[in-house]
Amino acid sequence: MSSNEWIDVSVMLKHNMVSWPGDPPVFIERLQDMERGDEATLSRLSMGLHTGTHVDAPLHFVPKGKTIAEMPLDVMTGPARVVGIASDVVSAESIRANAIEPGERVLFKTRNSSLWLQSEFEESFVHLSTEAALELSQCGVRLVGIDYLSVAGFRNNEVEVHRALLEAGIWLVEGLDLSRVEPGDIDLLCLPLKIESAEGAPARVLLRPAR
Ligand SMILES: [Zn+2]
């Protein structure tokens, strides 16, 4: 990361792309196409809101929690830190070892980022342990991000991890591709779509090295 240019860490939305098992698939359809003689080109998109790069609002796991439309904009924009994780789980020890402080925005870069090259869902991706989620909720971070479809494990600690973080008022950014970003201080710009009453939304996320 030598230049100061924004790096796009959002994944491409594609028809039938990898999504969470059981979630609605991504369906992108060209309804009109100038290539076929139509006057204009026009498409339709249908998908679950937790597909690709997206934000989880508290309402995802907290009854009456904040919706994506109620998200404070300053949570998603500003200084952040990419923390490199070499192990197969983000543990409470790794949270303590990185001395994460109150108010921080933390994005975990793991081996997951290479999983976006696979066409099938990967069940054994790197995720937070329940203890790590509790540790993060206690240290009062503002935002937690990870480079695959969930902060929690597949058929593992999904409820516990989401609840610990979202009940603590921590906003989650999932489905990042951090393969082109080095660990360190960065500026974050994350803009999820403004969808009424929604518990999450797809987002465009940009990072750039901190000045
Ligand atoms: Zn989600």
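This is a predicted model: local features need pLDDT of at least 70, side-chain atom pairs count only at pLDDT 80 or more; totals for chains, interfaces and linings use all residues.

Biologist: Which residues are the protein donors of the zinc ion, and how far from it do they lie?

Modeller: In it, the zinc ion has as its protein donors His50 through ND1, His54 through NE2, Asp56 through OD and Glu174 through OE. These donors lie 1.9 to 2.4 Å from the zinc ion. Along the chain, their spacing reads H-x3-H-x1-D-x117-E. Now for the geometry: the angles among the 4 donor atoms run from 74 to 170 degrees, and the site is irregular.

Histidine 54 has a relative accessible area of 0%, so it is buried. Aspartate 56 counts as buried too, because its relative accessibility is 0%.

Strand E4 covers residues 54–56, and the loop between it and strand E5 (77–84) holds threonine 67. With 11% relative accessibility, threonine 67 is also counted as buried, because the cut-off is under 20%. Leaving out residues up to four places away in sequence, threonine 67 touches Ala57, Leu59, Trp171, Ser197 and Ala198.

One last stop is the second largest pocket, with about 230 Å³ of space. Its lining includes Gly52 and Thr53, along with Asp177. Strand E12 (residues 200–209) contributes the most to that lining, with 3 residues. By class, the lining has 5 nonpolar, 3 polar and 3 charged residues.

Terms used:
Residues are numbered from 1 along each chain as its sequence is written. Side-chain values use heavy atoms; hydrogens and water are left out. Helices (H or I, at least four residues) and strands (E, at least two) are DSSP runs, numbered from the N terminus. Buried means under 20% relative accessible area, exposed over 50%, partly exposed in between (1.4 Å probe, protein chains only). Contact means heavy atoms within 4.5 Å. Donors are N, O and S atoms within 2.8 Å of the metal (3.2 Å for Na, K and Ca); water is not among the atoms, so sites may look incomplete. Four donors count as tetrahedral if all angles lie between 85 and 135 degrees; four count as square planar and six as octahedral if opposite donors are over 155 degrees apart and all others between 65 and 115; anything else is irregular. On a 1 Å grid over the protein atoms alone, a cavity is a set of points where a 1.4 Å probe fits but cannot get out, and a pocket is an open set with protein on both sides within 12 Å along at least five of seven lines; lining residues have an atom within 4 Å of a point. Grid points are joined across faces, edges and corners, and a volume is the space filled by probe spheres set on the points. Ala, Val, Leu, Ile, Met, Phe, Trp, Tyr, Cys and Pro count as nonpolar, Asp, Glu, Lys and Arg as charged, and the others, Gly among them, as polar.
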